[in-house]
Amino acid sequence: MSERLEYVQQLETKISDAQAHLARLKAEQKEALVAVQHEEIENLEKYLDEANVSLKGLSGASEDAWHSLKEDVERLLTSIRETVEKLLKK
């Protein structure tokens, strides 16, 4: 076998190995992305549940207490908005 042919075969093998490695990395990346999205969706559900509870508390709160509850609801709404934005970017 000529030196050039042997070199070409070695390069083909290296390229093939690199392509297989890249395919594995892409698959792992997709799995990681799905896991992150799942976690963000769970966070969003938690924030929405908390917002509903806070909304009910806000409706029945005294004049003094509703200002504190309002701040909590605003923080929750910010978290909800940020989580939705993260999910939409992915």
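## Arginine 81 and its salt bridge

Arginine 81 is partly exposed, with a relative accessibility of 42%. In this predicted model, its side chain meets that of glutamate 85 in a salt bridge, at 3.5 Å from N to O. Glutamate 85 is also partly exposed, at 37% relative accessibility. Side chains of opposite charge can pair when their charged atoms come close. The salt-bridge count comes to one.

Both partners belong to helix α2, which covers residues 65–89. Four residues separate arginine 81 from glutamate 85, about one turn of the helix.

## Overall form

The chain holds two helices and zero strands. Helix α1 takes in residues 3–60, and helix α2 takes in residues 65–89. Along the principal axes, the C-alpha atoms fill a box of roughly 90 × 15 × 15 Å.

The radius of gyration is 26 Å. For a compact globule of 90 residues, the value would be near 12 Å.

Burial is recorded for 11% of the 90 residues. The chain exposes about 7500 Å². Carbon and sulfur atoms supply 55% of that area.

## The nonpolar core

Which residues make up the largest nonpolar core? There are six: Leu44, Tyr47, Ala51, Leu76, Ile80 and Leu87. Helices α1 and α2 are the elements that give two or more residues to this core. In soluble globular proteins, nonpolar side chains tend to be buried together.

Tyrosine 47 has contacts beyond its neighbours within four places in sequence. They are Leu76, Ser79, Ile80 and Thr83. Of these partners, Leu76 and Ile80 are also members of the core.

## Threonine 83

Is threonine 83 buried or exposed? Threonine 83 counts as buried because its relative accessibility is 5%, and the cut-off for burial is under 20%. Its place is in helix α2.

With neighbours within four places in sequence left aside, threonine 83 is in contact with Glu40, Leu44 and Tyr47. Leu44 and Tyr47 both belong to the largest nonpolar core.

## Leucine 88

Leucine 88 also has its place in helix α2. Leucine 88 counts as exposed because its relative accessibility is 70%, and exposed means over 50%.

How many residues apart along the chain are leucine 88 and glutamine 37? The answer is 51. Their C-alpha atoms are separated by 9.7 Å.

Technical notes
Residues numbered from 1 in each chain as written. Predicted model: local features only at pLDDT ≥ 70, side-chain atom pairs only at ≥ 80, totals over all residues. Heavy atoms only, no water. Salt bridge = Lys/Arg side-chain N within 4 Å of Asp/Glu carboxyl O. Buried < 20%, exposed > 50% of the residue type's maximum accessible area, 1.4 Å probe, protein only. Core = buried A, V, L, I, M, F, W, Y, C linked by side-chain atoms within 4.5 Å. Contact = heavy atoms within 4.5 Å. Rg over C-alpha atoms; globule rule 2.2 N^0.38 Å. Areas by Shrake-Rupley, 256 points an atom, 1.4 Å probe, with all protein chains shown as cover.
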